[in-house]
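Colleague: I am new to this structure and would like a close look at one part of it, the core and what surrounds it. Could you take me through that slowly?

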Amino acid sequence: MYVAVKGGEAAIANAHRLLADRRRGDRVIPAIGIDQIESQLSLAVDRVMAEASLYDPSLAALAIKQSRGDMIEAIFLLRAYRTTLPRFGYSEPVDTAAMRIERRVSATYKDLPGGQLLGPTFDYTHRLLDPALQTDEAVETPLTRTPSPENTSRVTDILNGEGLIEPDSSMDADHQPGDITRTPLDFPMTRDTRLQALARGDEGFLLALAYSTQRGYARTHPFAGEIRIGMVEVEMDLPELGFSVPLGEVRLTECQSVNQFKGSATQPPQFTRGYGLVFGQSERKAMAMSLVDRALRAEEFGEDIVAPAQDEEFVIAHSDNVQATGFVEHLKLPHYVDFQAELDLVRRMRAEQGLAHANTQSEQKEAAE
Amino acid sequence: MSGLATYNFAYLDEQTKRMIRRAILKAIAIPGYQVPFASREMPMPYGWGTGGVQVTAAILGPTDVLKVIDQGADDTTNAVSIRAFFQKVANVEVTTRTKDATIIQTRHRIPEEKLTEGQVLVYQVPIPEPLRFLEPRETETRKMHALSEYGLMHVKLYEDIARNGHIATTYAYPVKVEGRYVMDPSPTPKFDNPKMHMSEALQLFGAGREKRIYALPPFTDVVSLDFDDHPFTVQSFEKPCALCGAEGVYLDEVVLDDRGGRMFVCSDTDYCEDRRAQGFLGDQGVPLKEAAE
């Protein structure tokens, strides 16, 4: 006997209770602290802040704990919080030349003013599991050099001095920077909004697209001109004061790729650039972003658009993992009304075909007789 | 983090509501036209009704009575979840009775009972663009709408007939609004399309992920696309509802066992219960009071 499926409310409450239990895990083991996540899983925290577009390490750590380590779920939690925050203004552009540098590498020059600085990197570690980490062994204090008070000039500025690379792009004087969280996307996009979308885009998706450009799908011949990671000051202009005041510091990863030339009858050949800028320490994402940014500039440079990474609508419309996961996972919601409509049609078409088949057979039989 | 506990009435801040209301007003002024709006991240996933929830949040007042259905039923999990959300953030009265509701948020169905003046039906829409599966690019489809260039859609429907003998679209069946815009009715079965035509209720469509709102003001002409020799028809069921005996309503197929046992019951649970309360009974139905015991 059919029993109406009631009790959705109780089922939901019980499911969430079970989820809380699984999140906590074995009660004998101490609960993980937000401060532990923030300081010991800091790259996870950085990724959540970057893709949620909200710089708040402790809230990001809370989101990671709440999501049981599911990164996209954590990003979603932080985004849904961010959207409720009032917008009281926009900061001044940050000056990455004035960055307090923790890491800076250039693949285009052996040495350059400011030097190469490896910083806290996995590069050149041998990927051997370290049994020592099973226990809380003492860790040596790091050796650091005294930071130079001088600004570290960017590699692109060095190249630009010779006119070998296109200068920093500029917007019209009256151009208001876009805000993709406050205005609906409109294709084709301007580069500022496109870079915003890429900065919050899914790391895995951008990584795969960037990789595809290296394997021949829209090859752009990139060099890692420079990657720098460090702290920059965020300033905001207060109209009442008439000058800008510092709000605090954020850690950023910036990547400038140097790509193959472009010239014209009037302009001598120059290197072109791709740009990546991401919250926190996130080199993979910043590099991927710079490659994809360059690929997406195809139209600007009059290049043939032949590959997915060059296709702005394709890339930007599908780079947001919160949107993507929601829509892919919504398939688990009930669809039985639609499915019923399809069942009805398939049955009808099969019945008609069966009938037609039976008719032909009887016709053939008659003809044979 | 102390501010986390307090939210504005119906969750969205007033500036956001104003932005959404403007989009709604524009949508009402141009029936069937998709108005872009700055959709917000909501505390439920994209694809789970964020567009409908934002529209409802923007029009909801403290005296409204809200009904939420999914697949025609008030008790499917996502409908329960959205209803609970609005009870929590707006503390409004909720109901399962179609005639008592001032706002009905729906996914995939239009209630069987005729909606009346003053009611608002809010649809959750996954893909607002009826031409999307024919042309994936927004830049192109926008142009096609601007020029009323709908030939591609007719070719698609024609090819269905040529291949299958039928128009093989059974839900999200495209309609033309006031002779101008081709519109996606959201993935409701085509059975419900005629209910949109000249409806007394205001119909609002919200697509959160795709950031579009569109509308059908009351008494709008809504025509399902078809051909003279292949007129639009709706699904019909061979048997009435097994619980309430209703005919001419949309039925869900319920699998009873693994030996091919099936029964067909009303998809609109409120309609079914109402009929049983009035004493109508299908061949497998039990009077409502007994069932509750």
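**The core and its surroundings**

Modeller: Apart from neighbours within four places in sequence, B:Ile24 is in contact with B:Val55, B:Ala58, B:Leu204, B:Ile213 and B:Ala215 (contact: C-beta atoms, placed from the backbone, within 7 Å). B:Ile24 and B:Ile213 are the two residues that touch the most other members of the largest nonpolar core, which has 53 residues. Such a core is a set of buried Ala, Val, Leu, Ile, Met, Phe, Trp, Tyr and Cys residues joined through C-beta atoms within 7 Å. A separate second core has 48 residues, among them A:Leu78, A:Ala218, A:Ala286 and A:Leu291.

The model is predicted, and local features need pLDDT of at least 70, side-chain atom pairs count only at pLDDT 80 or more, and totals for chains, interfaces and linings use all residues. Residues are numbered from 1 along each chain as its sequence is written, while chains are lettered from A and ligands numbered from 1 in the order in which they are written.

Next comes the sheet of chain B. Seven strands make an open sheet there, in the order β1-β9-β8-β5-β4-β2-β3 and with mixed pairing (pairing: at least two bridges found by DSSP; strands, E of at least two residues, and helices, H or I of at least four, are DSSP runs numbered from the N terminus). The edges are β1 (35-36) and β3 (93-94) of chain B; each has a single partner strand, so one side of each is left without a neighbour in the sheet. For β3(B), strand β2 (residues 65-70) of chain B pairs with it in the parallel sense, over two bridges. In this pair B:Val65 stands opposite B:Glu93 of β3(B).

Helix α1 (residues 14-29) of chain B packs on the sheet, where it touches β1, β8 (202-207) and β9 (212-216) of chain B. The direction of α1 in chain B makes about 45° with that of β9(B) (axes are lines fitted to C-alpha atoms, for helices over the stretch in contact, and angles run from 0 to 180 degrees between N-to-C directions). Helix α3 (residues 77-90) of chain B lies across β2, β3 and β4 (103-107) of chain B and runs at about 160° to β2(B).

Chain B also has a hairpin, formed by β11(B) and β12(B) with six residues between them; in the turn, B:Gly260 has a positive phi of about 90°. Strands β11 (residues 251-255) and β12 (residues 262-266) of chain B pair in the antiparallel sense over five bridges. B:Asp252 stands opposite B:Val265 in β12(B).

In chain A, a loop residue can be followed through its surroundings. A:Ile180 sits in the loop between α6 (155-161) and α7 (191-199) of chain A. A:Ile180 counts as buried because it has 21 C-beta neighbours inside 10 Å (buried: 20 or more other C-beta atoms within 10 Å; exposed: 12 or fewer; partly exposed: in between). Leaving out neighbours within four places in sequence, A:Ile180 is in contact with A:Leu185, A:Thr193, A:Gln196 and A:Ala197. Of these, A:Gln196 is 16 residues from A:Ile180 in sequence and 7.1 Å away in space, C-alpha to C-alpha.

Last, the two chains meet: 37 residues of chain A are in contact with 47 residues of chain B. On the side of chain A that touches chain B, α1 (8-24), α5 (71-82), α11 (321-329) and α12 (336-368) of chain A supply at least two residues each. The most comes from α12(A), which gives eleven residues to that side.
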